[in-house]
Amino acid sequence: MTTKIRNKIIFLTCIFAFLGLGVLIYREWVVQRPFAVVLFVADNLSPSQLAAGRIFTGGSGFRYGLESMPHVALVTPRSRDYAVADSAAAATALATGQEVNRGALGLSPEGQSLESLLSLARRQGRATGLVSNTPLTDPAPAAFYAHATDTSDTTALAVQLVDEAPMDVMLGGGASQLAPAEQGGTRKDGRDLLLDMRQRGFDIVRTRAELENTPGWRSPQVFGVFSDGDLAFVEDQPRYASQPRLADLVSRAIGLLQYNRKGYFLVVNAGLSGRAADLGRGETLLREIGALDEAVAAALQYAGEDALVMVAGLANSGGLQLNGFSFAPDRGIAVLGTSAAGIPALSWATGPSRTQTKEGSTTAEVVASPTERPAPVAGDSLVFASGPRTDSVRGFLTYPQLNEVLRKSL
C-alpha cells in the first residue's frame, strides 16, 4: 500500500469518525433533550382500575386523554426486600434509579443517600417544581427530595422540604405540618416554616385566587399550601371553592417555570387516588382517576408538543374491580349499585365493607377479605409517555429503567 493511499484511508476514517460523533452529539444533546419534562405519579393506576374509571366517566366507548399518549408500558411495583412495594419504595426507585426497601425515602438499603431527578435537574440549571394534591410530605412526593426511613415523621420531612430542597415552585397540601402547635399546627419545635420561606423570598400563597395572581414575569419562588391536610376530593370541591384543582396546580406551575431558559422539571403527585383506596372509597377513586386525566391534559396543553410528559403508576392497594354487565352507554351511577343478579358493581380484594346510599340508589362495595384498611396487592401499574426519548417506554419495565429515560432528558 502506497503512502498516498494510506493517507486517504486515514483521512476518510477520520471524516467518518467525526461525522459519527457529530450525529451522536446531535441526537443525544441537541434533539433529544426537551425543554419541559413533566412527571406524574399516582397510586392505583392499574389496568383494571383505569378500565373501571373509563366506564364510570364516559361509558364503554369513552377513552381518557392520557390513553392517547403514544407510548404505554407496564411496570412492576416491587422493593428490594418485598415483592410488593409501597409508595415510598416505588417512588424512590423512580426518583433515584435504585430499588430500595419498603418505607425508605431516598436511601439505599445500606443507608446511603441517593440523588433524585429533582436534584439532578437543579444541577443541570433547570427550574424545578413539585405539585401534590396531598401534603407535600406524603411518601410519593417526599421521595423526590427527602432522605429518611420513617415516612410517618411528617414534621421532620417538612424541615427537609424547606431547608434542603430549594425548588422554585412547591404547591400542595399539609399546612398543619408547617406551623407550630401554638398557631394550630402540629410542629412541636416552635418553627414556623411558612415564615421561614417568606423570609427567604418566596411568595406564600394559600388560595386559588392568590395562586392565579402570582407574578409570572420574574424567576419564580412560590410556595403554596391550600389545606391543612389533603386537598378536597373531586366530589367535595364545590364546598372548597378557594382550593385549586390538580389541573389548576399543574397549569400554573408550568406557567411559572417555563421562563427558565434552560427548561424545567416538574413532578406532580396525584395522591388522592391512593388516599381514596386507603379509605375504601371506590367511587371516589374512579373520580380521582378522572381528575388525574384532566391534569395530564393541562400539562400536554401548557407544556407544548415537544415536552416529555410521563404518567407512572406506583403502588396498588385494595384490588378494586368493576363488575356487572351494564349497557354500553351507561356511566356514572348507572354502572354502580347492585345488578339484578345481586352482584355489587364495586368489589375489593381487601378492605372495609361499605354500602352507600346516594340519590336513592345503593352502591355496594364488598370485599373478599375484610381488613381494617385496604392491603397492598400485587399487580402491574401503567405508564404512559409522550415526547422525546419515550420510544423505549413499552413492554414490561422497571422503575430504574423509567428513571434512565428521564435522567437522559434532563
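The paragraphs below lead through a predicted model of a protein, from its overall make-up to individual residues.

Residues are numbered from 1 along each chain as its sequence is written, and side-chain values use heavy atoms, with hydrogens and water left out. In this predicted model, local features need pLDDT of at least 70 and side-chain atom pairs count only at pLDDT 80 or more, while totals for chains, interfaces and linings use all residues.

The secondary structure comes to 12 helices and 14 strands. These elements are DSSP runs numbered from the N terminus: helices are H or I runs of at least four residues, and strands are E runs of at least two. Of the 410 residues of the protein, 52% count as buried. Buried means under 20% relative accessible area, exposed means over 50%, and partly exposed lies in between, with a 1.4 Å probe and protein chains only. Contact means heavy atoms within 4.5 Å. Among the contacts with a separation of 6 or more, 69% join residues 24 or more positions apart.

Valine 250 counts as buried because its relative accessibility is 0%. Not counting residues up to four places away in sequence, valine 250 touches Phe40, Leu266, Val268, Ala295 and Ala299. Valine 250 and leucine 266 are 16 residues apart in sequence, and their C-alpha atoms are 8.7 Å apart in space.

Alanine 52 belongs to helix H2 (residues 47–58). With a relative accessible area of 3%, alanine 52 is buried. From alanine 52 to leucine 346 the distance is 9.1 Å, C-alpha to C-alpha, although 294 residues separate the two in sequence.

The next topic is aromatic rings. A pair of aromatic rings is described by the distance of the centres and the angle of the planes. Rings of Phe, Tyr and Trp (its six-membered ring) pair if their centres lie within 6.5 Å; planes under 30 degrees apart count as stacked, over 60 as edge-to-face and the rest as tilted. The structure holds two aromatic pairs. The rings of phenylalanine 35 and tyrosine 264 have centres 5.9 Å apart and planes at 90°, so this pair is edge-to-face. The pair links distant parts of the chain, 229 residues apart: phenylalanine 35 is in the loop between helix H1 (3–31) and strand S1 (36–42), and tyrosine 264 is in strand S7 (residues 264–269). Phenylalanine 35 is partly exposed, at 38% relative accessible area, whereas tyrosine 264 is buried, at 1%.

Phenylalanine 62 and tyrosine 64 form an edge-to-face pair, with 5.5 Å between centres and 80° between planes. Phenylalanine 62 is partly exposed because its relative accessible area is 26%, while tyrosine 64 counts as buried at 2%.

A ring may also have a charge over it. This applies if NZ of Lys or CZ of Arg is within 6 Å of the ring centre and within 35 degrees of the ring normal. Arginine 102 lies over the face of tyrosine 82 in this way, at 5.5 Å from the ring centre.

Asparagine 316 lies in the loop between strand S8 (308–313) and strand S9 (321–322). Asparagine 316 is buried, since its relative accessible area is 5%. Its side chain makes a polar contact with the side chain of serine 381 (3.2 Å). A polar contact is a pair of N or O atoms within 3.5 Å; within protein, one must be able to donate a hydrogen and the other to accept it, and residues adjacent in sequence count only if both atoms are side-chain atoms. The side chain of asparagine 316 also reaches the backbone oxygen of glycine 379 at 3.2 Å. Leaving aside neighbours within four places in sequence, the residues in contact with asparagine 316 include Asn44, Pro77 and Asp380.

The last topic is space within the protein. The largest cavity is lined by Leu136, Thr137, Ala158, Leu161, Gly173, Gly174, Gln177 and Leu178. On a 1 Å grid over the protein atoms alone, a cavity is a set of points where a 1.4 Å probe fits but cannot get out, and a pocket is an open set with protein on both sides within 12 Å along at least five of seven lines; lining residues have an atom within 4 Å of a point.
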